[in-house]
Amino acid sequence: KQWYQRRVRVDLEYFVSKMATMLTLSMFTSGIHTVRKIKLKGTDDVSILPFASTATSGFLWTSYGVMTKDSSMIFVNIIGCVLNCLYMFIYYWYTTDKTKVYRTLIGFVFTLLGIQLYSFCMHYQPEEAINFMGLVCVFITVAMFASPLTQLKTVIKTKSTESMSFPLAILVCLQSLMWLWYGTLRRDIYIQFPNVCGTILGLVQIGLFLFYWDQKSEKAQS
């Protein structure tokens, strides 16, 4: 019976990890739309910071995956890091303010080097290094999830969801829910916590869409 339960758990963890990976890769490829916009209209209305922060997050989660021997975390975050570095390169190619990009990239590189050096030089026990890297990853991921909060404020103020993407809200919610489930199966609090935040954010966004969609329908009928 114990063998069967263990086998079911392993199979479930494998399934959930694949679902989470597919959803996350879909999120990463959403940057292609921004890249097309850059090629057509330039970089005036586009910031490089989302690409830089996602690449930073991907690199750090890859490091965490290596430390914890988590192949799913390594695979998906290597792809995310590479894709967003490619997006940054395209941004640099088309931007007219290359000095600003230099500063962002230098900050990106020095942040990663600083975190890695501190992790390996100041934490001699592997468990300490894992805990430190896990906390850093949680902080960065929660900060990234918090960035759309200003957008939510605008939606509530204007009572319109035109500035938000409904498919993206669904994707954020499902992706976070799958990683939360995966973290629960692995009993990994560093994977669980930021994805609780992501799931809540996704549900709030979906709720706003439904709420203001109903209001829009009522106004149209009246």
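## A walk through a predicted helical model

V196 lies in helix α9; helices here are DSSP runs of H or I with at least four residues, numbered from the N terminus, while strands are E runs of at least two. This is a predicted model, in which local features need pLDDT of at least 70, side-chain atom pairs count only at pLDDT 80 or more, and totals for chains, interfaces and linings use all residues. Residues are numbered from 1 along each chain as its sequence is written, and side-chain values use heavy atoms, with hydrogens and water left out.

Start at V196. Its relative accessibility is 33%, so V196 counts as partly exposed. The scale is simple: buried is under 20% relative accessible area, exposed is over 50%, and partly exposed is in between, with a 1.4 Å probe and protein chains only. V196 sits 17 residues from W179 in sequence, and their C-alpha atoms are 9.1 Å apart in space.

Now move to helix α1, where S26 is placed. S26 is partly exposed too, because its relative accessibility is 34%. Its C-alpha atom is 17 Å from that of L180, a residue 154 positions away along the chain.

Next come the charged contacts. Side chains of opposite charge can pair when their charged atoms come close. The whole structure holds 2 salt bridges, each defined as a side-chain nitrogen of Lys or Arg within 4 Å of a carboxyl oxygen of Asp or Glu. One joins R186 to E13, at 3.3 Å from N to O. This pair links distant parts of the chain: R186 is in helix α8, E13 is in helix α1, and 173 residues separate them. The other joins D70 to R186, also with an N to O distance of 3.3 Å. D70 lies in the loop between α3 and α4 and R186 in helix α8, so this pair ties together parts 116 residues apart in sequence. R186 counts as partly exposed, at 30%.

K69 is not a glycine, yet its phi is positive, near 60 degrees. K69 is found in the loop between α3 and α4. With 74% relative accessibility, K69 is exposed. R187 is not a glycine either, and its phi is positive at about 55 degrees. R187 lies in the loop between α8 and α9. Its relative accessible area is 68%, so R187 is exposed.

Turn to the empty space. Rolling a probe the size of a water molecule over the atoms shows where empty space is left. On a 1 Å grid over the protein atoms alone, a pocket is an open set of points with protein on both sides within 12 Å along at least five of seven lines, whereas a cavity is a set where a 1.4 Å probe fits but cannot get out; lining residues have an atom within 4 Å of a point. Points are joined across faces, edges and corners, and a volume is the space filled by probe spheres set on them.

What is the volume of the largest pocket? It is about 1500 Å³. The lining has 47 residues, and the closest to the pocket centre are M27, S30, T54, M144 and L168. Elements giving two or more residues to this lining are α1 (2-29), α2 (31-41), α3 (49-68), α4 (71-94), α6 (126-146), α8 (166-186) and α9 (189-221). Helix α3 gives the most, with 8 residues. By type, the lining splits into 24 nonpolar, 20 polar and 3 charged residues. Here Ala, Val, Leu, Ile, Met, Phe, Trp, Tyr, Cys and Pro count as nonpolar, Asp, Glu, Lys and Arg as charged, and the others, Gly among them, as polar.

The second largest pocket holds about 190 Å³. It is lined by 13 residues, with T43, V46, Y91, T95 and K100 closest to its centre. Helix α5 supplies the largest share, 3 residues. This lining divides into 5 nonpolar, 5 polar and 3 charged residues.

Finish on the surface. Y102, I106, V109, F110, L113 and L117 form a nonpolar patch with about 630 Å² of accessible area together. Patches take residues with over 30% relative accessible area and no salt bridge, joining like charges within 9 Å and nonpolar side chains (Val, Leu, Ile, Met, Phe, Trp, Tyr) within 5 Å. Accessible areas come from the Shrake-Rupley method with a 1.4 Å probe, and for residues only the protein chains shown count as cover. L117 is in helix α5 (residues 98-122). Its relative accessible area is 54%, so L117 is exposed.
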